[in-house]
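Student: Before we start, could you show me the model, so that I can learn how to read what lies inside a protein?

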Amino acid sequence: MRRQSMRVVLAQPRGFCAGVVRAIDIVERSIEKFGAPVYVRHEIVHNRTVVTDLERKGARFVDELDQIPDGAVTIFSAHGVPRAVVDGARARGLPVLDATCPLVSKVHSQSRRYVAQGRTLILIGHAGHPEVEGTLGQVDAPVRVVSTVADVEALDLHRDTPVAYVTQTTLSVDETRGVIASLKARFDDLAGPNLSDICYATQFRQQAVRVLCESVEVLLVVGAANSSNSNRLREIGVELGVPSYLIADATALDPAWVRDAKVVGLTAGASAPEAVVLQVIDALRRLGEVEVTQMDGIEETVSFRLPPELRQTEDEPGGVA
Ligand code: SF4
């Protein structure tokens with residue numbers, strides 16, 4: 001039986017952030033300029049559709065530098081890398097293009113600055129995530145990784161230890177606020193950037209989902225299972241009492257989720273292409289009549305400069321905003 005008509009409300013903003021656009025551009029332009037294959041350490045961004053498309057164009061994705069042949073063009077992913085990887089590539093004389101998001105690089109320099117000040121560094125983030133591994137590997141000192149208030153309480157540090165914190169860029173704004181508050185209560189001499197390490201794209205997509213969830217019955221988040229910012233979007237929906245599902249692509253959509261819904265919210269993580277959002281809308285249309293609208297929201301204008309060797313003109317593409 002055909003389902004009743006459905007309204008699909010698109011989140012604004014959603015999908016690609018400036019760091020992801022830059023990283024994909026770096027891979028595509030490297031292939032154009034230097035020829036295929038180019039080697040990318042780690043998935044350039046956490047999205048299978050993006051990775052498959054770049055593989056088709058001539059990118060090879062590897063886990064470690066020793067899988068890259070001598071002399072091959074080498075690209076570091078948007079999540080950033082430990083210093084040992086940079087040094088290893090330099091020692092082998094590999095031609096490197098660094099697609100680390102400038103907002104992640106900012107966290108790397110903050111971390112080094114705090115350690116140089118003699119502070120014990122606390123990294124708020126999810127252990128094992130490549131961005132966290134990259135930041136840990138940027139400093140020559142032990143770093144404590146915490147992700148919850150309980151982790152902060154369990155830290156084996158004295159109250160008067162000079163400490164500083166930085167955060168992963170794609171965390172939940174609300175949860176991180178709580179963790180920072182517990183650090184402030186736990187330590188007398190604490191330095192840190194407040195919430196500003198959580199990047200603009202993460203913050204704006206989370207704000208949009210909060211607004212969207214006031215008026216939808218189901219939330220669909222397009223994003224990969226290993227995408228941190230996409231998972232946080234789904235969790236916000238759940239926290240607000242809206243049944244919320246993370247889907248890698250249209251094939252993952254279960255018609256039962258939306259069978260009784262009149263209004264469905266649709267968003268996408270910062271590494272999810274708009275083409276997949278459109279495929280999900282097509283899949284919903286195959287279930288019945290669909291009207292698509294977009295919520296009012298922030299128009300993002302951020303863009304990041306490409307490495308000099310890949311710019312086609314001196315001032316392209318607009319500079320770091
Ligand atoms: Fe950069 Fe934020 Fe995008 Fe990560 S999510 S690539 S930190 S802009």
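Student: Which helix gives the most to the lining of the largest cavity?

Tutor: That is α8, with three residues; helices here are DSSP runs of H or I with at least four residues, strands are runs of E with at least two, and both are numbered from the N terminus. This is a predicted model, in which local features need pLDDT of at least 70 and side-chain atom pairs count only at pLDDT 80 or more, while totals for chains, interfaces and linings use all residues. Residues are numbered from 1 along each chain as its sequence is written, and side-chain values use heavy atoms, with hydrogens and water left out.

Student: How is a cavity found, and what is the volume of the largest cavity?

Tutor: Rolling a probe the size of a water molecule over the atoms shows where empty space is left. On a 1 Å grid over the protein atoms alone, a cavity is a set of points where a 1.4 Å probe fits but cannot get out, and lining residues have an atom within 4 Å of a point. Points are joined across faces, edges and corners, and the volume is the space filled by probe spheres set on them. The largest cavity has a volume of about 300 Å³, and of the 24 residues that line it, V20, H79, T169, T170 and N229 are the closest to its centre.

Student: Which residues have the most contacts inside the largest nonpolar core?

Tutor: In soluble globular proteins, nonpolar side chains tend to be buried together. A nonpolar core is a set of buried Ala, Val, Leu, Ile, Met, Phe, Trp, Tyr and Cys residues joined through side-chain atoms within 4.5 Å, where buried means under 20% relative accessible area, exposed over 50%, and partly exposed in between, with a 1.4 Å probe and protein chains only. The largest core here has 31 residues, and V27, I44, L54, A59 and I75 have the most contacts inside it. Its largest share, seven residues, comes from α1.

Student: How are the rings of Y200 and F204 arranged?

Tutor: Rings of Phe, Tyr and Trp (its six-membered ring) pair if their centres lie within 6.5 Å; planes under 30 degrees apart count as stacked, over 60 as edge-to-face and the rest as tilted. The centres of Y200 and F204 are 6.0 Å apart with planes at 75°, so this pair is edge-to-face. Both residues lie in α8, four residues apart, about one turn of the helix. Y200 counts as buried at 17% relative accessibility, whereas F204, at 24%, counts as partly exposed. Y245 and W257, by contrast, are stacked, 4.0 Å centre to centre with 5° between the planes.

Definitions and conventions:
On a 1 Å grid over the protein atoms alone, a cavity is a set of points where a 1.4 Å probe fits but cannot get out, and a pocket is an open set with protein on both sides within 12 Å along at least five of seven lines; lining residues have an atom within 4 Å of a point.
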